[in-house]
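I keep these entries as a running record of what I looked up, topic by topic, in the order in which I came to each one.

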Amino acid sequence: MKIPTITGIIDRRILINFAVDPDIAKLIVPAPFSPKIVNGKAIVGICLIRLKDVRPKGMPAFVGVGSENGAHRIAVEWQEDGEIKEGVYIPRRDTSSRFNTIVGGRIFPGRHYHAKFDVDEHNSNYHVAFESSDGTTISVDAKIADTFNKDSVFKDLDAASDFFKAGAMGYSPNGDKYEGLLLHTEKWKVEALEVSKVSSSFFEDEAIFPKGTIVFDNALLMTNIQHDWYSKPDKAVVNN
């Protein structure tokens, strides 16, 4: 899929991350990808991102649009041109935008499910939740923290930041291919979040993640980030 370069503002981006048994992650990551492992664990999560002024690059900001979005992600690696590349595999995308649900898989990579979002942000506290058209739900309550989760598989905030910065390349399934999209940010700055409550029907589905194979690891926040998205060549589905 080839799209024009898209530009806009990441008004708010929350990354909710879980550590998973690698053998379980391997079952849900399709070839040619494989889970990226950190201290014996695979990393999965959801990106809760509010976009504004999104439009083809070169057009004025006032024609841009905004939306709330959620992307379920798995950190992955793959072989390409004799090198190991890294990024994320995105099995599903959810959005508040009816337009995105129409063009998802046609203009934008990957199918987009329509979802109703519930958002409340004040005094460094964040509540973001959604319920999608197929019943998928997620809810998180968090606040900006001075310290990073000491129980994380990452040794500190900088290590987590570097890991997710390296995962700027994302692939979404669409029929017989995986469609690529590269995120470029003008700056990269994350803050730690302290999570008081998190629930996810996807990550709590024991048919996918048996009890004891997944645990909350950390949460990160980014705000007011100028960004561009670039289309990258598709990858073919590999049939085993």
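I began with the pairing of strand β6 (residues 83–95) and strand β10 (residues 169–174), which run parallel and are joined by 2 bridges. I looked up the partner of Tyr89 in β10 and found Tyr171. The model is a predicted one, and I read every entry here with that in mind.

Turning to the pairing of β10 with strand β11 (residues 177–185), I found 6 bridges, with the strands running antiparallel. Tyr171, which is the bridge partner of Tyr89, stands opposite Gly180 in β11. I also checked the hairpin of β10 and β11, where 2 residues lie between the strands and Gly175 takes a positive phi near 65°.

**Strand β4 and its partners**

I next asked how many residues of β4 are buried. The count is 12 of its 16 residues, and I therefore note the strand as mostly covered, taking buried to mean under 20% relative accessible area. With β1, the strand β4 pairs in the antiparallel sense over 13 bridges, and within this pairing Ala19 has Ile43 as its bridge partner in β4.

β3 and β4 also pair in the antiparallel sense, over 2 bridges, and here the partner of Ile37 is Ala42 in β4. In the hairpin that these two strands form, with 2 residues between them, I noted that Asn39 takes a positive phi near 50°. With β5, the strand β4 runs antiparallel and is joined by 9 bridges; Leu48 stands opposite Gly70 in β5.

**Nonpolar cores**

Leu48 came up again when I looked up the largest nonpolar core, which has 33 residues and in which Ile14, Phe33 and Leu48 have the most contacts.

**Helix α3**

Which residues of helix α3 (residues 157–166) are buried? I listed Ala160, Ser161, Phe163 and Phe164. Seen down the axis of α3, these buried residues fall within an arc of 165°, so they line one face of the helix. On the other side of α3, I found Asp158 and Asp162 exposed. The cover over the buried residues includes β1 (6–20), β3 (37–38), β4, β5 and β13. At the start of the helix, a side-chain oxygen of Asp156 reaches to within 3.3 Å of the backbone nitrogen of Asp158.

**Salt bridges**

I then went through the salt bridges, of which the count comes to 14. In one of them the side chains of Arg50 and Glu68 meet at 3.0 Å, N to O. Arg50 lies in strand β4 (residues 41–56) and Glu68 in strand β5 (residues 65–80), so this pair ties together parts that are 18 residues apart in sequence. I checked the accessibility of both partners, and both Arg50 and Glu68 are buried.

Glu80 is partly exposed, with a relative accessible area of 26%, whereas Lys235 is buried at 15%.

I also recorded the salt bridge of Asp94 with Arg92, at 2.7 Å, N to O, in which Asp94 and Arg92 are each buried. Looking then for salt bridges that share partners, I found Asp11, Arg12, Arg50, Lys52, Glu68 and Glu121 joined into one network.

**His127**

Is His127 buried or exposed? The residue has its place in strand β8 (residues 125–132), and its relative accessibility is 18%, which means that His127 counts as buried. Leaving aside neighbours within four places in sequence, I found His127 in contact with Asp118, Val119, Asp120, Ser139, Val140 and Asp141. A polar contact of 3.1 Å joins the side chains of His127 and Asp118. Finally, I noted the C-alpha to C-alpha separation of His127 and Val198, which is 9.8 Å in space, with the two residues 71 apart in sequence.

Note on methods. Residues are numbered from 1 along each chain as its sequence is written. This is a predicted model: local features need pLDDT of at least 70, side-chain atom pairs count only at pLDDT 80 or more; totals for chains, interfaces and linings use all residues. Side-chain values use heavy atoms; hydrogens and water are left out. A salt bridge is a side-chain nitrogen of Lys or Arg within 4 Å of a carboxyl oxygen of Asp or Glu. Helices (H or I, at least four residues) and strands (E, at least two) are DSSP runs, numbered from the N terminus. Buried means under 20% relative accessible area, exposed over 50%, partly exposed in between (1.4 Å probe, protein chains only). Two strands pair if DSSP finds at least two bridges between them. The arc is that of the directions from the helix axis to the C-beta atoms. Contact means heavy atoms within 4.5 Å. A polar contact is a pair of N or O atoms within 3.5 Å; within protein, one must be able to donate a hydrogen and the other to accept it, and residues adjacent in sequence count only if both atoms are side-chain atoms. A nonpolar core is a set of buried Ala, Val, Leu, Ile, Met, Phe, Trp, Tyr and Cys residues joined through side-chain atoms within 4.5 Å.
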